[in-house]
Amino acid sequence: MRIIMNKHLFVVLVGFALLTSCTTPRDIAYFQDVEENQPIQTQNDGYIRFQKGDKLNIYVHSRDEQLKDLFNIVSRTSTGSNNNQQNAAYTVDDSGKIDFPVLGPIEIEGLTREEVAKFIKDQLVSKSLVKDPVVTVVFYNMHFSVLGNAGAGVKEITKDRITLMEALAMASDLQIDGLRKNVLVMRQEGDKQVPYRVDLTSAKSIYNSPAYYIRQHDVIYVEPNNKYKRNSTVMGSSAFQPAFWMSLISFITTMAFIFIKK
């Protein structure tokens with residue numbers, strides 16, 4: 001009877017060790033609460049809008065080359081024997097304006113790229129400066145940052161709208177040990193840094209968050225999960241290695257045989 005009980009204890013302990021070492025966490029998959037064919041409303045249109053300190057390039061195209069050149073300020077850079085020319089970048093000043101040739105100060109804070117291009121085009125036409133202008137606005141050195149347990153780095157913004165999921169994809173997604181339930185987005189709003197936390201396993205949390213659309217200069221931080229934190233210590237690192245589990249199973253087996261012989 002005693003031998004049978006010890007055998008049962010041995011089987012339970014070994015099974016528990018194997019199950020514990022092979023359990024798959026339930027907080028890995030994204031959008032776990034999404035419902036099929038049920039649209040989810042997002043917070044806003046998500047377009048990148050210019051802020052104080054932002055830089056942008058503005059290109060004016062026209063059939064009249066001489067008129068076109070009046071509105072395209074060119075900067076020259078030298079690399080060895082080559083001289084490169086490109087349109088100079090405008091900086092949005094503390095009053096939210098840029099100083100555009102001929103037109104003078106233009107307030108662009110809060111406007112999208114398309115709105116800035118349309119405003120300049122309308123001004124050039126209404127003032128009879130250019131008959132057939134095509135105006136293109138390009139972000140210059142605009143970016144967001146990703147830190148922590150993801151493909152960390154500074155990522156350039158080239159699109160008018162970027163979602164949080166796209167931003168993480170641009171950073172090569174979260175690592176397997178990144179905590180998906182508590183992603184932090186730090187955002188500069190006026191003179192304050194505002195934190196937003198998003199649970200990537202919940203579609204409602206993602207789509208209802210003000211951080212669903214990324215803005216320029218956002219910082220996305222992916223916290224490590226508890227297993228990764230434990231692995232950062234000497235004891236924690238050894239506790240979740242295959243060698244540890246093999247040693248534990250060997251120890252349990254030895255102890256079981258000792259009790260059985262008794």
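Is Glu 109 buried, partly exposed or exposed? Select Glu 109 and see: the residue is partly exposed, with a relative accessible area of 33%. Keep in mind throughout that this is a predicted model.

**Stop 1: Glu 109 and its partner**

Lys 52 sits in the loop between α1 (2-22) and β1 (55-61), and Glu 109 in the loop between β6 (104-107) and α3 (113-126), so the pair ties together parts that are 57 residues apart in sequence. Lys 52 is partly exposed, at 41% relative accessibility.

**Stop 2: Asp 132 and Arg 63**

Now select Asp 132 and Arg 63. Here the side chains form a salt bridge at 3.4 Å, N to O. Asp 132 belongs to the loop between α3 and β7 (134-140), while Arg 63 belongs to the loop between β1 and α2 (65-71), so this pair ties together parts 69 residues apart in sequence. Colour by accessibility next. Asp 132 counts as partly exposed at 28%, and Arg 63 is exposed at 77%.

**Stop 3: along helix α3**

Go to helix α3 and pick Lys 118 and Asp 122. Both lie in this helix, four residues apart, about one turn. Their side chains meet in a salt bridge of 2.9 Å, N to O. Lys 118 counts as exposed, at 53% relative accessibility. Asp 122 is partly exposed, with a relative accessible area of 36%. Then select Asp 45, Arg 49 and Glu 115: salt bridges that share partners join these residues into one network. Over the whole structure, the search finds eight salt bridges.

**Stop 4: the open sheet**

Switch to cartoon view. In what order do the five strands of the open sheet run? Trace β9-β8-β12-β10-β11; the pairing is mixed. The edges are β9 (153-156) and β11, each with a single partner strand, so one side of each is left without a neighbour in the sheet. From one strand to the next, the twist averages 20 degrees.

Strand β8 (residues 143-148) pairs with β9 in the antiparallel sense, over four bridges. Pick His 143 to find one of the contacts across this pair: its bridge partner in β9 is Glu 156.

Strands β10 (residues 183-189) and β11 (residues 192-198) are antiparallel and share seven bridges. Two residues lie between the strands of this hairpin, where Gly 190 takes a positive phi near 70 degrees.

Which residue of β11 is the bridge partner of Met 186? Select Pro 195. Met 186 also has a bridge partner in β12, Val 219. Strand β12 (residues 219-222) runs antiparallel to β10, and three bridges join the two.

**Stop 5: the nonpolar core**

Finish inside. The largest nonpolar core has 46 residues. Select Leu 56, Ile 58, Phe 100, Ile 120, Leu 200 and Ile 220, the residues with the most contacts inside this core.

Centre on Ile 220. What does this residue touch, leaving out residues up to four places away in sequence? Its contacts include Phe 144, Ser 145, Val 146 and Leu 147. In soluble globular proteins, nonpolar side chains tend to be buried together.

Terms used:
Residues are numbered from 1 along each chain as its sequence is written. This is a predicted model: local features need pLDDT of at least 70, side-chain atom pairs count only at pLDDT 80 or more; totals for chains, interfaces and linings use all residues. Side-chain values use heavy atoms; hydrogens and water are left out. A salt bridge is a side-chain nitrogen of Lys or Arg within 4 Å of a carboxyl oxygen of Asp or Glu. Buried means under 20% relative accessible area, exposed over 50%, partly exposed in between (1.4 Å probe, protein chains only). Two strands pair if DSSP finds at least two bridges between them. A nonpolar core is a set of buried Ala, Val, Leu, Ile, Met, Phe, Trp, Tyr and Cys residues joined through side-chain atoms within 4.5 Å. Contact means heavy atoms within 4.5 Å. Axes are lines fitted to C-alpha atoms, for helices over the stretch in contact, and angles run from 0 to 180 degrees between N-to-C directions.
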